[in-house]
Structures are given as structure tokens and as C-alpha cells.
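Subject: Structure handover

Hello,

Here is the structure for your files.

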Amino acid sequence: MQAPKFWTLRQPNLIAQLLRPLGWVYGRATARRLRKSGYRAGVPVICIGNLNVGGTGKTPTAIALIARLKARGVTAFVVSRGYGGTQTEPLRVEPNRHTAALVGDEPLLLSAFAPTIVAKDRAAGVRLAESLGARVILLDDGFQNPSVMKDFSIIVVDGAVGFGNGLCLPAGPLREPVAVGLARADLVLSIGAGDLATPHIKGQLEVLPMGMDWQGARVIAFAGIGRPQKFFDSLRAQGAHILRAEALGDHAPLSDALLSRLMADAFAQDAQLVTTEKDAVRLPERFRAHVLTLPVRLNIDDWGPIDAAFDRLISDQTR
């Protein structure tokens with residue numbers, strides 16, 4: 001499902017105001033849960049989280065951190081809940097064997113860049129990563145989950161959306177109040193343009209050159225990510241002519257009926273189907289040859305604060 005439009009308003013409207021008491025209850029419940037103490041890993045745990053529900057750019061951030069650590073000679077393990085997957089017990093993802101239906105789309109994508117563990121019980125996932133030789137762990141999401149102690153937490157924010165109307169679910173998009181969450185975080189990373197009123201470092205998503213000339217290309221685009229409009233805007237910025245933009249819910253199933261309809265539309269209009277990397281891993285095998293992806297990577301303006309954290313936490317974790 002798509003987020004309600006009133007969540008994105010910078011000031012709460014009447015609906016949000018009526019739901020505000022429920023948001024207060026939700027925020028208090030989160031606070032109570034976070035009072036619990038979690039598992040302390042024997043290796044550094046770096047959490048990539050957010051305060052908002054939905055996509056803010058955590059997966060591109062994880063890929064960027066994986067590459068940065070790899071440049072230091074450090075192989076990071078990723079531990080993820082595996083949202084959308086059916087796997088319940090801790091499992092190391094094998095990209096050539098497992099499917100998004102089993103392990104979730106984000107872990108399947110991340111497994112192409114680093115050893116990735118899915119676990120509904122994040123503490124069990126961290127223990128499995130340690131048993132497999134992990135020397136640093138990237139915790140994908142989990143900022144509001146107390147089951148694992150974090151050594152460094154990065155809050156990722158979509159710069160264009162910020163913290164929405166500033167209210168907790170269901171009155172707004174927040175998992176906890178902004179001031180409370182920021183007080184626990186070590187760093188805020190804002191992705192894209194925006195006027196975020198808190199100290200932060202900035203990053204931009206940039207399209208990877210893959211030999212495809214998008215200028216004037218007739219495309220039908222579809223995306224099931226937190227904010228599909230970001231993907232459509234990126235395509236247009238490359239010069240693509242979008243004949244149709246199909247915005248799906250975050251992690252929405254890519255059914256045969258949907259894809260067959262999109263393929264028929266593309267054939268009728270002499271257009272190319274295009275989607276995101278995260279959606280591409282959910283494509284059924286028989287459709288993959290017919291859909292192009294638009295790969296993007298995160299470019300962080302100032303690595304200084306993150307590098308300083310790496311120096312402190314993992315200076316001796318090379319291998």
C-alpha cells in the first residue's frame with residue numbers, strides 16, 4: 001500500500017490531528033520496547049535504520065558502506081529481517097539458489113554485494129554471522145529493535161520527504177518521535193534534495209552508466225519501492241520518455257497477471273519495460289529477459305564522520 005498523502009504534509013492536517021492520540025500510544029509502545037537490553041555481539045554492529053516507515057534509502061546506503069569497508073580490506077556481513085520472505089530460521093542467502101519469496105527482495109539484492117543473513121530474530125542472525133566469521137556486521141533496519149546492541153547507528157532520511165508531518169503511526173509516518181530517535185542515533189544521512197532541519201551529511205543517488213542510452217527511449221516503468229516517484233524521476237532525468245509509470249506498493253508482489261499486462265502494453269506501444277534493482281530480484285524467471293533495470297548507487301558528499309567511526313570501531317578488523 002502507498003503511504004497516505006497526509007503523512008507527507010509538513011504540518012498535520014485534520015485527519016492527522018484526530019489520529020494523534022493513537023500516534024502517541026504507538027510512540028510510547030516503541031519507547032517501552034526499547035528499554036529492553038539486547039545481545040552484545042563480539043564484533044562491531046553498525047545499524048542502518050530510519051525513523052519513517054517505508055523506503056528512505058537504506059539499501060543503497062548499505063551497498064555504499066559495504067564498498068567503503070571493502071576498500072579497507074574489511075568484508076562486512078549484512079543481517080536483515082528479510083521483510084516479505086517466508087524464511088523464519090536464520091539463513092545465509094545464496095543469490096543463485098534462494099528467491100525473494102523466501103528471503104525477501106532487499107536481502108537477495110544485498111547478497112550480491114556481501115554475505116547476507118536473514119533472520120526474523122535479529123540476535124540469532126547476528127550470532128550466525130559471527131559463527132561464519134563476520135568481523136563487522138551491518139544491521140539492515142532494526143533501529144527500533146532492541147534485540148541487538150548497536151555500536152554505531154545511522155538514520156537514513158529521504159531529503160524530499162524529511163520526517164513528514166512529524167507524528168507517529170498512524171497519524172504520521174514515524175516509528176518513534178523525531179527527537180527521541182535522533183538522540184539515540186550517531187549520524188543522520190539525508191538522501192536527495194530537501195530542507196532537513198537537523199545536522200546531517202548528504203548523499204545523492206546516481207544512475208550507474210551501463211551502456212544503455214536512455215535519451216528518448218520509450219519506456220513503461222514500474223516500481224514497488226517506498227517512493228516510486230524517485231525512480232520515475234531518475235528515469236526522466238536520464239532522458240527516457242515514460243509512456244506509463246506504474247507505482248506499486250512497497251514490496252508488492254509481481255504477479256504473472258500484472259507482468260503479462262505490462263508486457264502486452266509495452267509490445268503494443270513499442271516500449272521497453274524498466275524497473276528498479278530491488279524489484280528486479282522479485283521478477284519470475286520467465287519475465288527477466290524482457291525487463292531492464294536502472295541501477296543506482298549512493299554518492300555520499302562527506303565520508304569523514306563515517307570513516308572516523310570505522311577508524312574507532314574496526315581499525316583492527318581487516319582480513
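Cys 168 counts as buried, because its relative accessibility is 8%. Please keep in mind that this is a predicted model. The sulfur of Cys 168 lies 17 Å from the closest cysteine sulfur, in Cys 47, which is too far for a bond; the cut-off for a disulfide is 2.5 Å. Cys 47 also counts as buried, with 0% relative accessibility. A search of the whole structure accordingly lists 0 disulfides, and Cys 47 is in none, the nearest cysteine sulfur being that of Cys 168.

Now the nonpolar cores. The largest one has 30 residues. Leu 65, Leu 69, Leu 138, Ile 154 and Ile 306 are the residues with the most contacts inside this core. At least two of its residues come from each of the strands β1 (45-49), β6 (152-158), β7 (187-191) and β13 (296-300), and likewise from each of the helices α2 (58-71) and α10 (304-314). The element that gives the most is α2, with 6 residues.

For Leu 69, leaving aside residues up to four places away in sequence, the contacts are with Val 74, Ala 76, Val 136, Leu 138, Phe 310 and Ile 314.

Another core lies apart from the largest one and has 24 residues. Val 45, Ile 155, Val 157 and Val 188 are among them.

Regards

Notes: Residues numbered from 1 in each chain as written. Predicted model: local features only at pLDDT ≥ 70, side-chain atom pairs only at ≥ 80, totals over all residues. Heavy atoms only, no water. Buried < 20%, exposed > 50% of the residue type's maximum accessible area, 1.4 Å probe, protein only. Core = buried A, V, L, I, M, F, W, Y, C linked by side-chain atoms within 4.5 Å. Helix = DSSP H or I, 4+ residues; strand = E, 2+ residues; numbered from the N terminus. Contact = heavy atoms within 4.5 Å.
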